[in-house]
Amino acid sequence: MLHFPDINTVGFQLGPITIHWYGLLEIISFVIATVWLIRRGRMAHWNWRKEQVVDLEFYVAVGAILGGRVGYVLWYNLPYYLANPIKMLAIWDGGMSFHGGLLGVVIACWVFARLHEQHAFLPTLDFIAPAVPIGLGLGRLANFINDQLFGRVSHLPWAMVFPSGGPQPRQPSQLYEFLLEGVLLLVILAIYSRKARPAGAVGGMFVFLYGVFRFAAEYARQPDIQLGFVFGPYTMGQVLSVPMIILGPVVIWWAYKGGFSESPESIPAVGK
């Protein structure tokens with residue numbers, strides 16, 4: 001049995017300016033993802049200019065924040081927010097849904113593609129998908145540092161007593177998700193996307209693998225206290241991941257069948 005390390009939740013402080021680890025790691029992930037995408041954008045089968053990458057990252061960041069918040073309100077705590085509607089805007093108090101954020105990113109990429117005709121919708125999703133695990137992984141590390149989203153009670157040798165989790169040891173599920181949704185997903189998608197793939201294939205691979213990894217990790221994660229188990233022995237995270245597990249392979253299959261007309265090779269490099 002392990003004990004939660006004494007980690008200061010403040011990651012950076014300069015005078016009156018205080019940035020907690022969650023915000024700091026999200027900023028770091030955004031910078032790393034942007035730099036990496038700029039380098040990947042130079043590949044012949046992508047043809048993205050630096051200015052276009054920066055613009056896309058802005059759209060994606062807005063979509064992820066808005067979608068993540070709306071998804072959390074709708075799926076995880078709707079009765080509370082209906083009773084306290086002003087609290088829907090209090091993002092600083094926590095409460096974000098990955099699945100909502102994913103829908104927000106998809107919409108943001110669609111809007112971006114509509115405004116930048118040289119980059120079609122599906123190739124835009126394919127381009128951004130491999131960078132998403134960077135933010136996911138560092139976000140899970142921030143959850144661990146902040147003593148959030150810990151796992152279920154366990155007596156495994158590496159089970160840990162979390163300050164907010166009571167006296168019983170629990171699985172460090174945040175670290176499982178860091179390894180699965182962050183490290184492993186990043187490695188697989190980075191390798192898979194190094195060669196030109198049919199439009200939609202990389203995005204479909206992301207959707208499928210994330211769904212599988214999240215569904216598996218939820219078996220170790222403590223269900224949200226306000227929801228508990230929502231469908232038999234399954235959590236809301238698992239329920240929301242099932243459509244991803246089904247949709248991902250369908251998208252990949254359809255992409256390789258030539259069902260999507262868009263392809264990264266057909267997109268000119270000249271920006272708008």
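These legends describe close-up views of a predicted model.

**View A. Two non-glycine residues with positive phi.** N47 is not a glycine, yet its phi is positive, at about 60°. N47 sits in the loop between α1 (21-40) and α2 (50-75). Its relative accessibility is 23%, so N47 counts as partly exposed. L149 is likewise not a glycine and has a positive phi, of about 55°. The loop that holds L149 runs between α6 (132-145) and β4 (160-161). L149 is partly exposed because its relative accessible area is 31%.

**View B. A nonpolar patch on the surface.** The patch is formed by I27, F30, V31 and V35. Together these residues have about 340 Å² of accessible area. F30 belongs to helix α1. F30 has 37% relative accessibility and so counts as partly exposed.

**View C. Packing of α2 against α4.** Helix α4 covers residues 98-115. The α2 and α4 axes are 6 Å apart, and the helices pack at an angle of about 145°. The crossing is right-handed. On the α2 side, the contact is made by Q52, D55, L56, Y59, V60, G63, A64, G67, G68, G71 and W75. On the α4 side, the contact residues include H99, G100, G101, L103 and G104. V105, A108, C109, V111, F112 and L115 of α4 are also among them.

**View D. The salt bridge between E51 and R49.** The whole structure holds 7 salt bridges. In one of them, the side chains of E51 and R49 meet at 3.1 Å, N to O. E51 is partly exposed, with a relative accessible area of 45%. R49 is also partly exposed, at 31%.

**View E. The salt bridge between R214 and E177.** The side chains of R214 and E177 meet at 3.8 Å, N to O. R214 lies in helix α8 (residues 201-217) and E177 in helix α7 (residues 173-192), so this pair ties together parts that are 37 residues apart in sequence. Buried means under 20% relative accessible area. R214, at 3% relative accessibility, therefore counts as buried. E177 is buried too, with a relative accessible area of 1%.

**View F. A network of salt bridges.** R140, E177, E181, R214, E218 and R221 are linked in this network. R221 and E218 meet through their side chains in a salt bridge of 3.5 Å, N to O. Both of these residues are buried.

Key
Residues numbered from 1 in each chain as written. Predicted model: local features only at pLDDT ≥ 70, side-chain atom pairs only at ≥ 80, totals over all residues. Heavy atoms only, no water. Helix = DSSP H or I, 4+ residues; strand = E, 2+ residues; numbered from the N terminus. Buried < 20%, exposed > 50% of the residue type's maximum accessible area, 1.4 Å probe, protein only. Patch = residues over 30% accessible without salt bridge, like charges linked within 9 Å, V, L, I, M, F, W, Y side chains within 5 Å. Areas by Shrake-Rupley, 256 points an atom, 1.4 Å probe, with all protein chains shown as cover. Salt bridge = Lys/Arg side-chain N within 4 Å of Asp/Glu carboxyl O. Axes fitted to C-alpha atoms, helices over the stretch in contact; angles between N-to-C directions. Left-handed = near helix turned anticlockwise from the far one by under 90°. Contact = heavy atoms within 4.5 Å.
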